[in-house]
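Please open the model in your viewer and keep the selection panel at hand. The tour below moves from one selection to the next and says what is there.

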Amino acid sequence: MKTMNSKVAVAIVTAAQKTQKPVYISTRDLRVDAKSILGVMSLVDIDNILVVSDNDEAVWKEIMDALEGVPNE
């Protein structure tokens, strides 16, 4: 299982804040604003995560790259 850590959360929030468009991260049970460090840190299990960004592929890719660096526990 992949779990959120502070380094990844900061990378996600930093990437999301590069756009004025809304960016959300969703799990099966929860949808959070990717620009909110508290929201992002509330995601514990990040195995099956969905990143929603309105036509901002660069931000989406940066967030996905940050998530790929999380090791399985």
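Begin by selecting Tyr 24, which stands opposite Val 52 in β3; helices (H or I, at least four residues) and strands (E, at least two) are DSSP runs numbered from the N terminus. This is a predicted model, in which local features need pLDDT of at least 70 and side-chain atom pairs count only at pLDDT 80 or more, while totals for chains, interfaces and linings use all residues. Residues are numbered from 1 along each chain as its sequence is written, and side-chain values use heavy atoms, with hydrogens and water left out.

Next, show β1 and β3, which run antiparallel and are joined by four bridges; two strands pair if DSSP finds at least two bridges between them.

Now select helix α1 (residues 6-16) and helix α3 (residues 57-68), which pack at an angle of about 175° with their axes 9 Å apart; axes are lines fitted to C-alpha atoms, for helices over the stretch in contact, and angles run from 0 to 180 degrees between N-to-C directions. α1 and α3 are therefore roughly antiparallel to each other (over 145 degrees).

Finally, go to Leu 30, in the loop between β1 (23-26) and β2 (31-33). Leu 30 is partly exposed, with a relative accessible area of 36% (between 20% for buried and 50% for exposed, 1.4 Å probe, protein chains only).

Conventions:
Angles under 35 degrees count as roughly parallel, over 145 as roughly antiparallel, 65 to 115 as roughly perpendicular and the rest as oblique.
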